[in-house]
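Student: I have a model open and want to learn how to read it. Can we go through it feature by feature?

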Amino acid sequence: MATYDRRAQEFVAQYETIAFEELYANILDLMPSAPSAVLDVGAGSGRDAAWLAERGHSVIAVEPAAGMREEAVRRHREAGIQWMDDRLPGLERVHRTGMVFDLILLAAVWMHIPPADRRRAFRKLVTLLKPGGRMIVSLRHGPSDPERPMLPVSRAEIERLAAEHGAMVSRAIQTPDRLGRADVSWETVVVQLADDGTGALPLIRHIVLNDAKSSSYKLALLRVVARAADASPGLAMADGDDGVVLPLGLIALYWIRMFLPLVAADLPQTPTSRNGGGLGFVKEPFRRLSGTAPPELRVGAEFLGDAGQALAGATRDAARTIAEMPAHYITYPGSDRQVFDTVLRRGLRLGERLVLDAAYLWSVGDFRIPLNVWHALTRLNTWIEPALTMEWTRLMQQYLARQDRSVPEGQIAQALTWLEPERGTAEVRRLTAAMFEAGEPVFCVWTGRKLRQEGLDIDHCLPFSAWPNADLWNLMPADARVNRHKKADRLISAELLDRSADRIAGWWERAYLRGGDILARRFGREATASLPVEAILDAHIGPGQVLEGLAAKRLMLRSTQQLPEWNGNLSESSSPARQTPS
């Protein structure tokens, strides 16, 4: 790495002498034609990332050598490239984003990975590919540069690793060295992923449709994990190379949130249950929460006095039920090996206030999820959740029939509906009102214009219609006309986010981070829970870290939901059908 830092300008200049079209001439037909998500691992000079970004692709460019990365950023400032300091074999930061890619490039990288690390590196890369996605690996054959040790590589090794991970080599091309070195040659190998490549979807289908069920608990746990992962991916921690750990308190919190309306509607969760009776988690603390609106049960919220004590008790009861029932009985087909592992803890000692922060949620215990199941639930939940709710509906109808009961049409669907938080801008409006009253200027984060109070909107930076989130970091001042008639509920472009970064960071500093410990702590709790932000538990979170997490989440929404984008052009109108302020 030191060599690449020290000789960064030399290497970058060398790489830039070879055009992308020349280097990949034999496989240009395999490059995605529609705008896609691309991961460039070992991005070097940024040549490949820039070519792809210029054609409308969203690129995460990973380069561990700081000198190379800085020189690449200086040369290629194209919108659509998000630079990241990460490295193989782990790619931990890329995995934290939750992204999945249509194309992964490894140009002149594989020979730097020690053979002992290659199986792990390949597994990490394959889990980042979309079904049908491609990974292009260029292999260097020939002697090493004395200052840059390079290890032997072979196509046979890539073919073997692909076969082990449910993929295949679809093309392999040998080419001479483009820099004219007679003793160096290259081989470009294309790895194709046919299905999800992990075995997770058949396992989930088995749990949903085939596995024996004496209650709705197994379906509930799958749905809770998927929902928690969507809302709070920042709380996930890697557990080795094949697992992810979430706070058991988070899983229990979402379990309570999901079951409150079902118990209130007296919808049976076992063949004999009535009004929550016989359910291990429906005890006195749970019943004391009966007046709580489910969306109030979110990371970052605070509960005082009796409400806090009731929620803490209900969380402990839910965690124990999850560990002893669905997590224990969800096993791999034909074995008694559990899919999910749990660790129960005593929880923090509470005072007069319960704060649903990372420290409290982790104090309840750990919930381990296999990496392939985690990726399937987070990336494919749009298709998985309807199957879960349909089977859950069927189970409840079956239980009702056994009890000789019926409910009005639509009642089950209403109780199963996941209630999202309200748009929740009132608190931030009060903050801006106080600023106006104090004579402080307030600026539109998108245009930089100074705002008047009557022309102010509180905008959801990432559209609420696409991802319901009312965290402090996602709320920012905008010109009402711009927000309603230009941005509306479109996704901001990477270029606009980059142009607006200083204004956004300045707003966060003035509104939240200087506003006292309470707002600053809440800002940090919410950001670390809902964004892929790297942070020490409950440590101070700065605007730079949150901006990086925001950029990653923006890219994920663009990739997974194909949202229309707005680049800040004020002469452009939003679609007439999409006029809801975001």
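Tutor: Start with the labels. Helices and strands are DSSP runs, numbered from the N terminus. Keep in mind that this is a predicted model.

Student: Let me try the labels on a loop. Where is Pro 89 found?

Tutor: Pro 89 sits in the loop between β3 (81–84) and α6. Look at the peptide bond there. Leu 88 and Pro 89 are joined in cis, with omega about 10°.

Student: Next, helices. What span should helix α7 have, and how far apart are its end C-alpha atoms?

Tutor: The expected span is 1.5 Å times one less than the number of residues. Helix α7 covers residues 115–126, which is 12 residues, so it should span 16 Å. Its end C-alpha atoms are 17 Å apart, which agrees.

Student: Which residues of α7 are buried?

Tutor: Buried means under 20% relative accessible area. In α7 the buried residues are Arg 118, Ala 121, Phe 122, Lys 124, Leu 125 and Val 126.

Student: On to backbone angles. What is the phi of Ala 108?

Tutor: Phi of Ala 108 is near 55°. That is a positive value in a residue other than glycine. Ala 108 lies in the loop between β4 and α7. Ala 488 also has a positive phi, about 50°, and is not a glycine. Its loop runs between α20 (480–487) and β16 (491–492).

Student: How accessible are Ala 108 and Ala 488?

Tutor: Ala 108 has a relative accessible area of 29%, so it is partly exposed. Ala 488 is at 0%, so it counts as buried.

Student: Now the sheets. What holds strands together in general?

Tutor: Strands of a sheet pair through backbone hydrogen bonds, either parallel or antiparallel. Here, take the open sheet of four strands in the order β8-β9-β13-β11, with antiparallel pairing. Its edge strands are β8 (237–238) and β11 (341–344), and each pairs on one side only.

Student: How many bridges does β9 make with β13, and how many with β8?

Tutor: β9 (residues 243–247) and β13 (residues 365–370) pair over five bridges. β8 and β9 pair over two. Val 245 has Arg 368 as its bridge partner in β13. Leu 246 stands opposite Phe 367 in β13. On the other pairing, Ala 238 stands opposite Val 244 in β9.

Student: What about the turn and the faces of β9?

Tutor: The hairpin of β8 and β9 has four residues between the strands, and Gly 240 in it takes a positive phi near 70°. As for the faces of β9, both are covered. Gly 243, Val 245 and Pro 247 are buried on one side, Val 244 and Leu 246 on the other.

Student: Last topic: charges. How many salt bridges are there?

Tutor: Side chains of opposite charge can pair when their charged atoms come close. In this model the count comes to 41 salt bridges. Asp 239 and Arg 368 form one of them, at 2.4 Å, N to O. Asp 239 lies in the loop between β8 and β9 and Arg 368 in strand β13, so the pair ties together parts that are 129 residues apart in sequence.

Student: Which strands does the pair of Asp 102 and Lys 130 link?

Tutor: The side chains of Asp 102 and Lys 130 meet at 3.3 Å, N to O. Asp 102 is in strand β4 and Lys 130 in strand β5, 28 residues apart. Asp 102 is partly exposed at 24%, whereas Lys 130 is buried at 17%.

Student: Which residues are linked in a network of salt bridges?

Tutor: Arg 298, Glu 427, Arg 522 and Glu 526 are linked in one.

Methods:
Residues are numbered from 1 along each chain as its sequence is written. This is a predicted model: local features need pLDDT of at least 70, side-chain atom pairs count only at pLDDT 80 or more; totals for chains, interfaces and linings use all residues. Side-chain values use heavy atoms; hydrogens and water are left out. Buried means under 20% relative accessible area, exposed over 50%, partly exposed in between (1.4 Å probe, protein chains only). Two strands pair if DSSP finds at least two bridges between them. A salt bridge is a side-chain nitrogen of Lys or Arg within 4 Å of a carboxyl oxygen of Asp or Glu.
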